[in-house]
Amino acid sequence: MSTSLDRTLAALADPHRRRIVEVLRDRPCRAGEIAQAVGLTPAALSRHLRTLKASALVEESHPEFDARVRIYTLRPAPMAELKTWLDEIEKLWATQLLAFKDHIERQAR
């Protein structure tokens, strides 16, 4: 497993951070919008956003009209890597379960 996948899984282990990802799934949002949607204080949200940025799941930008405003957006690459890994794990389990099924059916004959 890659280091970036480890960071992604660690970041997504927290339910608040998963909720933030769900909020950002629909569109980029300001920090205040995320805090309201998730029900976190600004300080708590800041800690979670820092973790999500460190894991490269979220990126921060500033609109040209106001550098004080921060817009958060999901980055697709970490989730694509996670999906690829999950697909590989699913194939492994499907193969294992099929072999187990075959074994049971042979035993039943």
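Where is Ala56 found? Ala56 sits in the loop between helix H4 (42-54) and strand E2. Helices (H or I, at least four residues) and strands (E, at least two) are DSSP runs, numbered from the N terminus.

This is a predicted model, in which local features need pLDDT of at least 70, side-chain atom pairs count only at pLDDT 80 or more, and totals for chains, interfaces and linings use all residues. Residues are numbered from 1 along each chain as its sequence is written, and side-chain values use heavy atoms, with hydrogens and water left out.

**The sheet**

Three strands form an open sheet in the order E1-E3-E2, with antiparallel pairing. Strand E1 (29-30) and strand E2 (58-61) are at the edges, each with a single partner strand, so one side of each has no neighbour in the sheet. Two strands pair if DSSP finds at least two bridges between them. Strands of a sheet pair through backbone hydrogen bonds, either parallel or antiparallel. E3 covers residues 71-74.

| Strand pair | Bridges and sense |
|---|---|
| E1 and E3 | two bridges, antiparallel |
| E2 and E3 | four bridges, antiparallel |

Arg30 has Ile71 in E3 as its bridge partner. For Glu59, the partner in E3 is Thr73.

Helix H2 (residues 15-26) lies across E1, E2 and E3. H2 runs at about 90° to E3. Such axes are lines fitted to C-alpha atoms, for helices over the stretch in contact, and angles run from 0 to 180 degrees between N-to-C directions.

**Back to Ala56**

Ala56 is partly exposed, with a relative accessible area of 22%. Buried means under 20%, exposed over 50%, and partly exposed in between (1.4 Å probe, protein chains only). Ala56 has a positive phi of about 70°, although it is not a glycine. Leaving out residues up to four places away in sequence, Ala56 touches Arg75 and Pro78. Contact means heavy atoms within 4.5 Å.
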